[in-house]
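Welcome, and thanks for taking a look with me. Here are a few notes to read alongside the structure.

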Amino acid sequence: QVQLVESGGGLVQPGGSLRLSCGASGSFVSINRMGWYRQAPGKERELVAVISSRRSTNYADSVKGRFIISRDNAKNTVYLQMNTLKPEDTAVYYCNAEHALTGRGYWGQGTQVTVSS
């Protein structure tokens with residue numbers, strides 16, 4: 001099984017930055033796509049950014065130009081550098097990873113990001 005361990009969430013002021021990390025671990029780990037999703041109170045979970053094994057990326061329009069997703073394939077780790085944070089970025093951020101063999105998606109437990117003055 002794939003286990004996702006997230007870190008980096010917290011409280012920041014508007015305009016500040018945070019970097020989220022998510023490492024995939026487990027026996028015979030083989031990860032295809034990795035991504036970040038978020039869910040704000042009262043809203044549906046939405047895609048923030050996704051990155052393929054070849055490091056092609058896609059971003060939600062709301063974060064494009066502010067967030068950068070990257071990955072370290074050797075470590076099976078995905079990062080989300082969040083810059084120029086806005087209050088509307090406040091949400092629980094979830095890491096997602098797709099198993100290359102089965103196509104099954106795995107989720108982290110989520111990490112809270114709060115942007116407030």
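1. Let's start with S21, which is buried: its relative accessible area is 14%, and the cut-off for buried is under 20%. Keep in mind that this is a predicted model. S21 sits in strand β3. Leaving aside residues up to four places away in sequence, the contacts of S21 are V5, E6, S7, W36, V78 and Y79.

2. C22 forms a disulfide with C95, with 2.0 Å from S to S. The count for the model is 1 disulfide. The link of C22 and C95 is left-handed, with -85° about the S-S bond. Because C22 belongs to strand β3 (residues 18-25) and C95 to strand β9 (residues 91-99), the pair ties together parts that are 73 residues apart in sequence. Both C22 and C95 are buried.

3. Now for the neighbours of β3. Strands β3 and β8 pair in the antiparallel sense, over 6 bridges. In this pairing, L20 is opposite L80 of β8.

4. Is strand β8 largely enclosed or largely open? Of its 6 residues (77-82), 5 are buried, so β8 is largely enclosed by the rest of the structure.

5. Strand β8 has another partner to follow: β7 (residues 67-72) runs antiparallel to β8, and 6 bridges join them. Here S70 has Y79 of β8 as its bridge partner; Y79 is also among the contacts of S21. The hairpin of β7 and β8 has 4 residues between the strands, and N76 there takes a positive phi near 50°.

Key:
Residues numbered from 1 in each chain as written. Predicted model: local features only at pLDDT ≥ 70, side-chain atom pairs only at ≥ 80, totals over all residues. Heavy atoms only, no water. Disulfide = S-S within 2.5 Å. Helix = DSSP H or I, 4+ residues; strand = E, 2+ residues; numbered from the N terminus. Buried < 20%, exposed > 50% of the residue type's maximum accessible area, 1.4 Å probe, protein only. Contact = heavy atoms within 4.5 Å. Pairing = 2+ DSSP bridges.
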